[in-house]
Amino acid sequence: MKKMVLMGRSECGKTTLKQALKGKKIQYEKTQAINYFDIIIDTPGEYAENASLARALALYSYESDVVALLISATEPYSLYPPCIDGVCTRPVIGIVTQIDSPYAHTDQAIEWMRLTGANPIFPISSYTGEGLWDLLTYLREPGDEFPFTRKELETPREVLSTKYEAPEIGSSVADMSETDFIDINDRMQV
Ligand SMILES: Nc1nc2c(ncn2[C@@H]2O[C@H](COP(=O)(O)OP(=O)(O)OP(=O)(O)O)[C@@H](O)[C@H]2O)c(=O)[nH]1
Ligand SMILES: [Mg+2]
């Protein structure tokens with residue numbers, strides 16, 4: 001599978017997408033640092049929001065095969081300037097997240113993403129699973145076998161916690177290693 005780095009402002013849904021692509025349940029987890037020991041490199045949104053930290057993102061594009069720019073379909077504006085696909089030496093794809101939200105204006109977000117030069121663009125929902133199979137198929141390399149079927153991937157996830165409905169302090173947090181699916185890394189070669 002192609003190694004992909006996720007970039008985009010805080011709360012656009014990078015970590016949730018990573019959990020959904022790996023077949024896990026959804027549990028809110030603030031990204032504190034870049035995690036690059038994985039087939040999907042997850043970055044904190046602050047790196048995309050702050051000019052000096054953004055330079056670090058450029059370095060992680062070299063660690064990956066594909067750079068994914070994310071924008072939430074609920075965003076009232078776009079963080080990205082036009083034609084930024086040319087600034088890195090990797091293919092740049094666009095991911096429009098949270099298309100299941102009642103506040104989503106997906107067409108507008110796709111248009112903003114198109115202006116960046118990202119291609120192709122995948123509208124997805126990590127909650128419902130919509131669009132995830134197309135994204136995984138894009139990342140697939142010869143010989144890759146997914147540990148779940150399309151139907152399983154597109155089954156709505158159990159959302160254990162969100163940023164706004166966090167578990168109460170003191171209550172136990174679910175063990176994310178206990179999932180219904182096999183982790184995609186179990187069968188993938190990085
Ligand atoms: N409705 C809906 N909500 C989503 C979806 N994906 C993420 N969210 C919610 O959006 C909030 C932020 O998601 P995260 O995945 O933590 O966002 P992030 O981009 O990793 O944020 P940082 O780590 O701060 O950069 C959480 O409450 C998620 O549950 C989705 O597909 N649909
Ligand atoms: Mg995160």
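Helices (H or I, at least four residues) and strands (E, at least two) are taken as DSSP runs and numbered from the N terminus. This is a predicted model, in which local features need pLDDT of at least 70 and side-chain atom pairs count only at pLDDT 80 or more, while totals for chains, interfaces and linings use all residues. Residues are numbered from 1 along each chain as its sequence is written, and chains are lettered from A and ligands numbered from 1 in the order in which they are written.

**The whole chain**

Begin with the complete chain, coloured by secondary structure. The chain holds six helices and seven strands, and along the sequence they follow the pattern β-α-β-β-α-α-β-β-α-β-α-α-β. A residue is called buried if 20 or more other C-beta atoms lie within 10 Å of its own, exposed if 12 or fewer do, and partly exposed in between, with C-beta atoms placed from the backbone. Of the 190 residues in the chain, 32% are buried. Two residues are in contact if their C-beta atoms, placed from the backbone, lie within 7 Å. Among contacts between residues at least 6 apart in sequence, 75% join residues at least 24 apart.

**The sheet**

Next, select strands S3, S1, S4, S5 and S6. Two strands are said to pair if DSSP finds at least two bridges between them. In what order do the five strands of the open sheet lie? The order is S3-S1-S4-S5-S6, with parallel pairing. S3 and S6 are the edge strands, each pairing on one side only. Neighbouring strands of this sheet are turned against each other by 25° on average, direction ignored; axes are lines fitted to C-alpha atoms, for helices over the stretch in contact, and angles run from 0 to 180 degrees between N-to-C directions.

Zoom in on S1, residues 4-7. Both of its faces are covered: Met4 and Leu6 on one side, and Val5 and Met7 on the other, are all buried. S1 pairs in the parallel sense with S3 (residues 40-42) over three bridges, and Val5 stands opposite Ile41 there. With S4, S1 forms four bridges, also in the parallel sense; Met4 has Val66 as its bridge partner, and Leu6 stands opposite Ala68.

Move to S4, residues 66-72, where six of the seven residues are buried. Six bridges join S4 to S5 (residues 92-97), and the two run parallel. Ala68 has Ile93 as its bridge partner in S5.

**The ligand shell**

Select ligand 1 and the residues around it. A residue counts as near a molecule or strand if its C-beta atom, placed from the backbone, lies within 6 Å of it. Which of the 24 residues around ligand 1 come nearest? They are Gly13, Thr16, Thr31, Gly45 and Thr162.

Colour the shell by class: six residues are nonpolar, 13 polar and five charged. In this scheme Ala, Val, Leu, Ile, Met, Phe, Trp, Tyr, Cys and Pro count as nonpolar, Asp, Glu, Lys and Arg as charged, and the others, Gly among them, as polar.

**Backbone features in the loops**

Most residues other than glycine have a negative phi, and most peptide bonds are trans.

- Select Cys83, in the loop between S4 and S5. Its phi is near 55°, a positive value in a residue other than glycine. Cys83 is exposed, with 10 other C-beta atoms within 10 Å.
- Select Gln98, in the loop between S5 and H4. Its phi is near 60°, again positive in a residue other than glycine. Gln98 is buried, with 25 other C-beta atoms within 10 Å.
- Select Asn119 and Pro120: the peptide bond from the former to the latter is cis, with omega near 0°. Pro120 lies in the loop between H4 (106-116) and S6 (121-123).

**A final stop**

Finish with Glu158, in the loop between H6 (150-153) and S7 (159-161). Glu158 counts as partly exposed, with 13 C-beta neighbours inside 10 Å.
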